[in-house]
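Hi,

Here is the structure I promised to pass on. Please open it first, and my notes follow below.

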There are 4 protein chains.
Amino acid sequence: MSSVWGNNIKISLFGESHGKGIGIIIDGLPAGFRLNLEEIAFEMQRRSPGKNNTSTPRKEKDSFEIISGFFEGKTTGTPLCCMILNHDTKSDDYEKTRYYMRPGHADYTGYMKYKGCNDFRGGGHFSGRLTAPIVFAGAIAKQFLKEKEIYIGSHVLDIFGIKDKAFDETTLSPDMFNALAQKEYSVLDDISSEMMKNAILDAKKEADSVGGIIETAIINVPAGIGSPFFDSVESRLAGMMFSIPAVKGLEFGTGFDMAHMKGSEANDQFTISGGKVQTKTNHNGGIQGGITNGMPIIFKTAFKPTPSIGKKQQSFDIKDMKETELEIQGRHDPCIVFRAVPVTEAGAALVILDILLEKDEL
Amino acid sequence: MSSVWGNNIKISLFGESHGKGIGIIIDGLPAGFRLNLEEIAFEMQRRSPGKNNTSTPRKEKDSFEIISGFFEGKTTGTPLCCMILNHDTKSDDYEKTRYYMRPGHADYTGYMKYKGCNDFRGGGHFSGRLTAPIVFAGAIAKQFLKEKEIYIGSHVLDIFGIKDKAFDETTLSPDMFNALAQKEYSVLDDISSEMMKNAILDAKKEADSVGGIIETAIINVPAGIGSPFFDSVESRLAGMMFSIPAVKGLEFGTGFDMAHMKGSEANDQFTISGGKVQTKTNHNGGIQGGITNGMPIIFKTAFKPTPSIGKKQQSFDIKDMKETELEIQGRHDPCIVFRAVPVTEAGAALVILDILLEKDEL
Amino acid sequence: MSSVWGNNIKISLFGESHGKGIGIIIDGLPAGFRLNLEEIAFEMQRRSPGKNNTSTPRKEKDSFEIISGFFEGKTTGTPLCCMILNHDTKSDDYEKTRYYMRPGHADYTGYMKYKGCNDFRGGGHFSGRLTAPIVFAGAIAKQFLKEKEIYIGSHVLDIFGIKDKAFDETTLSPDMFNALAQKEYSVLDDISSEMMKNAILDAKKEADSVGGIIETAIINVPAGIGSPFFDSVESRLAGMMFSIPAVKGLEFGTGFDMAHMKGSEANDQFTISGGKVQTKTNHNGGIQGGITNGMPIIFKTAFKPTPSIGKKQQSFDIKDMKETELEIQGRHDPCIVFRAVPVTEAGAALVILDILLEKDEL
Amino acid sequence: MSSVWGNNIKISLFGESHGKGIGIIIDGLPAGFRLNLEEIAFEMQRRSPGKNNTSTPRKEKDSFEIISGFFEGKTTGTPLCCMILNHDTKSDDYEKTRYYMRPGHADYTGYMKYKGCNDFRGGGHFSGRLTAPIVFAGAIAKQFLKEKEIYIGSHVLDIFGIKDKAFDETTLSPDMFNALAQKEYSVLDDISSEMMKNAILDAKKEADSVGGIIETAIINVPAGIGSPFFDSVESRLAGMMFSIPAVKGLEFGTGFDMAHMKGSEANDQFTISGGKVQTKTNHNGGIQGGITNGMPIIFKTAFKPTPSIGKKQQSFDIKDMKETELEIQGRHDPCIVFRAVPVTEAGAALVILDILLEKDEL
């Protein structure tokens with residue numbers, strides 16, 4: 001445990017990469033909300049593999065079926081279950097390497113936790129494929145947030161050291177987020193985008209992979225949401241982001257670089273314009289004391305390179321407890337960072353929705 | 001909400017900086033465990049202010065009283081409540097600036113969340129002082145972990161750009177952690193330590209403050225604990241670390257730098273020596289797929305500079321909604337990073353204990 | 001909310017009576033446990049309707065499909081999802097009475113809670129059909145408990161005032177429970193059974209329904225499980241039992257009759273025989289201070305008569321807010337008490353398993 | 001575990017009967033609510049012992065101190081901690097019978113759960129004294145509910161078979177509840193009251209005790225609150241009621257007697273008067289499908305006789321594992337039912353407040 005998450009909504013995740021299917025239940029959604037299924041499908045397609053030659057050739061349409069909690073086009077208020085059946089699974093690929101613990105994967109840790117009884121095929125429950133239901137749930141959360149004019153957008157800030165320009169907080173807008181989402185590669189600067197693509201293809205040629213950094217922004221969140229101590233907005237977002245496979249770092253606002261600043265610089269000083277409280281800078285990424293201050297929430301998530309590579313690696317066979325060399329055949333994904341963009345947005349949307357559904361007066 | 005945390009133990013935090021007291025309840029501790037009160041007092045003294053001229057002169061003995069759940073020297077298994085009364089409070093300092101929202105603090109966000117009704121004095125419930133009960137609870141968690149030969153140690157890796165050497169994973173040991181904890185400044189390299197101290201005193205002279213980075217290691221955690229998806233060890237530690245006031249960044253293992261690595265480098269390859277599985281490198285910080293792999297758990301937390309500074313800052317009066325300049329008088333803490341060291345350890349100890357108390361067979 | 005339940009296992013329930021399907025996720029099951037699918041099917045068949053002329057003619061095979069968390073015949077330790085598709089649904093029956101609020105049903109309360117947006121067909125999410133996934137999950141829990149030699153059995157103690165003899169605590173055994181489960185009507189005394197059946201058929205003839213009382217026993221639960229205050233074994237069982245549609249009363253041991261006893265009589269006095277602590281009587285139903293004492297756990301659940309009746313009733317149309325008479329056509333279930341027997345057992349099994357999975361030492 | 005309760009508020013209970021003190025934290029209360037401390041003190045005095053010769057002579061003023069979460073007369077929105085110190089404790093009484101397991105008490109079950117390490121004096125954490133903080137928290141909840149014109153009242157319906165008249169649902173009113181609370185004995189019929197008092201004094205003379213039944217009503221709860229499946233209003237109230245020491249039975253509305261009714265009688269038929277939906281009868285106690293229907297919520301709780309009696313009983317010494325006779329000296333409480341009246345109300349108030357704080361639209 002636990003595949004269950006949330007305070008005011010509860011999501012329950014299930015499934016394995018090569019089993020019958022994967023899915024999610026969302027409980028606690030307000031009743032009577034009309035869902036836009038096309039928008040959900042669009043978000044899922046952003047995440048899905050096989051779109052181009054920089055991602056895994058596994059072709060999953062990720063067609064979802066809503067089983068419950070949805071009636072006459074609207075949420076019912078009862079648990080909404082979404083099922084995504086598995087199709088393009090080649091389980092035989094995995095059988096022969098059953099006891100080979102792939103470096104960088106959860107093979108060994110999963111084996112230890114589940115005493116060798118978990119479905120190991122394609123990573124099983126640890127597969128990145130489990131992010132598809134998260135994107136589904138996040139797409140719904142995004143629609144709720146849109147009602148409150150809250151928008152979430154992301155771009156890939158860094159692939160293997162190749163950097164996009166950072167978000168300029170004064171230009172963040174729903175249109176800009178939408179444009180980024182429509183791009184084949186969610187990058188602000190098209191030259192960076194091309195260079196990133198080449199870096200990925202280079203890695204692919206070597207049967208290797210690369211990592212990267214995603215920058216995410218959430219705009220129009222009202223001041224005053226989130227809670228000290230353990231439900232700080234940072235804690236909630238962090239708990240979600242570090243659930244996403246391959247995330248190894250997270251920072252809010254200026255983040256690690258704040259360690260090199262003085263208080264007089266890091267303190268975001270206030271201005272009032274048009275009766276509205278703002279800060280001149282946003283080093284704190286829209287969050288003070290764990291609570292939103294009305295400025296854009298900004299955070300960066302660091303993704304390690306995809307562990308699935310074709311290059312020869314040193315590993316071991318857990319049955320015989322013998323070292324062995326491993327050359328993984330088949331489909332690899334030289335970079336999952338672009339596909340992870342809608343996942344970080346989905347996670348963020350779920351967190352913000354969950355917090356907004358906290359009632360603070362009777 | 002929420003001041004309540006935990007799956008298998010539950011901790012409940014309460015109190016305000018200038019109210020009657022602060023404290024914590026810990027529920028779910030195994031019964032019959034003999035507590036070493038001196039060790040608890042030692043941990044609390046590590047965190048307490050007023051020890052030297054690089055921290056706030058507020059003198060709080062932080063003497064704790066155990067109210068319940070402790071009988072004849074041992075835990076009873078029922079909720080253990082600890083109370084820490086407040087003494088050295090000068091509330092008058094704060095009254096005159098009641099409606100002045102200090103930059104970098106939770107004054108404004110707290111005001112918005114609690115509609116101006118929270119105890120604003122000294123930051124109230126947002127005060128760093130609330131970390132004292134966390135250290136109390138963590139000191140107990142550490143004692144439980146010690147029974148399993150699990151140890152946690154930290155050092156300040158960076159203050160305002162002045163760096164300590166990083167942990168060498170081959171030399172981590174309980175003795176080393178103990179030596180670090182005994183030092184006035186928890187730094188491996190004494191020359192760095194002296195430079196850091198000077199940087200803090202320089203900031204103090206300017207009525208300013210500095211931030212820094214703490215590196216924490218946990219050794220001897222068995223392989224196979226933690227859970228996909230939402231209770232990954234990273235998610236749990238992150239949720240706790242981002243609860244600590246002033247933390248703005250977190251990375252596990254090689255963290256953000258993994259974004260610049262190739263998979264063939266980032267994948268920690270396995271070796272077997274003496275029948276024991278290990279990895280040659282530990283870029284993943286002891287965690288794969290959210291589950292421990294038996295290697296040291298390593299993470300770094302970035303702290304922003306203390307927002308309490310004496311320098312003139314631009315702020316506003318929330319009653320009149322007018323901009324104003326603010327010069328905060330009185331006691332400042334030019335750097336809380338050293339005092340935060342036992343807090344990160346306490347948080348980590350609570351997380352690991354909570355996970356270890358998950359039962360995985362009937 | 002909430003369709004999510006449990007501390008150490010989490011179950012998540014979803015679905016509507018006339019939607020695509022219903023189901024459940026169980027998270028936190030120990031890995032590597034071999035499931036007996038026939039036993040699960042047997043439990044589900046005990047609950048299923050259409051078996052004889054005393055229950056609803058809706059014929060649902062309740063064939064379940066395990067989607068995840070089950071691999072090579074054993075639990076994987078990851079979330080186990082079970083799906084039960086709906087087949088024999090005649091939704092047209094319901095459309096014409098959409099705005100007619102049936103007395104005794106959740107039509108009106110569901111309409112108010114969900115603003116008229118819930119799937120009203122056949123009771124939707126409120127349908128007794130939702131107990132099928134509970135029985136599925138409980139059947140798995142029962143198998144785990146059997147490993148610890150813990151057994152659960154029930155019989156119908158009372159139908160419309162016709163009483164079975166009560167459990168004799170000295171004769172409770174797995175064989176006896178099994179024999180009860182195998183019977184078409186789970187009643188100890190066959191003469192009572194016949195009279196109960198006739199009472200049901202009488203009600204059916206009048207297009208009416210009857211209620212009853214189930215007595216449940218759990219044997220071999222070790223002394224010392226459960227927790228004060230809010231997780232008393234009684235609280236946990238009560239929370240579950242009152243989730244079951246139609247349950248309106250619950251008592252442990254001698255229950256309501258203890259209000260008429262003196263302390264000297266109600267206190268179960270101790271004896272020691274063969275080094276084993278027992279009580280001479282079991283008025284407290286195996287639970288003292290919310291914790292088990294090793295004696296059989298005994299409780300009784302009162303079920304109101306099925307609200308679905310054919311008789312003319314006074315109701316109202318919520319669209320027009322006008323009173324109206326209502327004669328519900330179609331399939332009625334003159335008594336659901338017998339079908340509820342495996343549901344109470346399933347609920348009890350889930351509660352006991354959840355409590356047993358609490359870890360009380362490191 | 002668990003001493004923590006609640007979904008939208010969290011209460012955390014701590015303390016032992018003969019330790020330093022007992023108390024409670026309430027988190028999640030809306031900020032800015034002015035508390036009436038006199039009303040809290042009144043509720044606590046209703047529960048406190050030593051008021052007359054029908055209850056225990058232990059004299060506890062139960063003076064509470066609010067430690068946090070309360071500022072300038074109002075709730076702050078941060079955790080509100082209440083501490084009640086212990087005074088009139090005679091721990092020596094208990095030392096000599098340390099290993100004597102009193103029948104009907106939690107001595108044995110607590111010993112088994114906590115391996116003999118719990119504070120056994122006066123029942124420790126199991127003491128009825130722990131209901132004092134519940135009454136404190138409930139008194140606050142009542143004040144919140146009053147804002148919504150929701151009122152809770154109770155009376156003792158039965159003591160050792162002597163019955164008060166039942167609530168007449170047409171006459172329930174805040175004034176009536178208030179009058180009952182002001183009475184020395186909360187009984188509607190003064191003749192019954194006198195007879196009950198005599199029955200208690202008779203039991204007292206014999207060094208014995210008696211039990212009873214409390215009937216509780218909650219009025220003006222809006223239709224449409226509560227949730228299927230596991231958070232039905234009945235489940236929530238039951239979970240709370242069975243947490244109260246000595247409760248062994250609970251029924252809603254007509255409860256167990258519904259087992260003897262036909263559907264046509266048990267279904268509460270609707271009427272509309274003045275545009276308001278009501279039911280002609282209220283057999284379902286204001287709850288259908290786990291959700292309120294706007295009618296008064298009515299339930300009855302059965303209390304076993306106080307286990308503390310002076311009469312000789314058969315018990316055993318758990319150290320020597322030998323049977324022994326036990327004559328408990330000192331202070332006994334021949335009937336706790338009257339003192340339990342404000343406890344049931346407090347519990348109910350907490351449940352209803354917690355449910356009302358669920359947000360059902362964004």
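What percentage of the 362 residues in chain A is buried? Buried residues account for 66% of them. Please keep in mind that this is a predicted model.

First, the overall picture of chain A. You will find nine helices and 18 strands in chain A. Its radius of gyration is 21 Å, close to the 21 Å that the globule rule gives for 362 residues, so chain A is as compact as a globular protein of that length. If you draw a box along the principal axes around its C-alpha atoms, the box comes to roughly 70 × 50 × 35 Å. As for how the chain meets itself, take the contacts between residues at least 6 apart in sequence: 73% of these join residues at least 24 apart.

Now for one strand that I would zoom in on, β11 of chain A, which covers residues 247-252. Six of its six residues are buried, so the strand is largely enclosed by the rest of the structure.

Its partners come from both chains. Within chain A, β11(A) runs antiparallel to strand β16 (residues 297-303), and five bridges join the two. To see this pairing on screen, pick A:Val247, whose bridge partner in β16(A) is A:Phe303.

The other partner is strand β11 of chain B, again residues 247-252. Three bridges link β11(A) to it, and these two strands run antiparallel. Here a handy place to look is A:Gly249, which stands opposite B:Glu251 in β11(B).

Happy browsing, and do write back with any questions.

Best wishes

Conventions
Residues are numbered from 1 along each chain as its sequence is written. Chains are lettered from A and ligands numbered from 1 in the order in which they are written. This is a predicted model: local features need pLDDT of at least 70, side-chain atom pairs count only at pLDDT 80 or more; totals for chains, interfaces and linings use all residues. Helices (H or I, at least four residues) and strands (E, at least two) are DSSP runs, numbered from the N terminus. The radius of gyration is taken over C-alpha atoms; the globule rule is 2.2 Å times the number of residues to the power 0.38. A residue is buried if 20 or more other C-beta atoms lie within 10 Å of its own, exposed if 12 or fewer, and partly exposed in between; C-beta atoms are placed from the backbone. Two residues are in contact if their C-beta atoms, placed from the backbone, lie within 7 Å. Two strands pair if DSSP finds at least two bridges between them.
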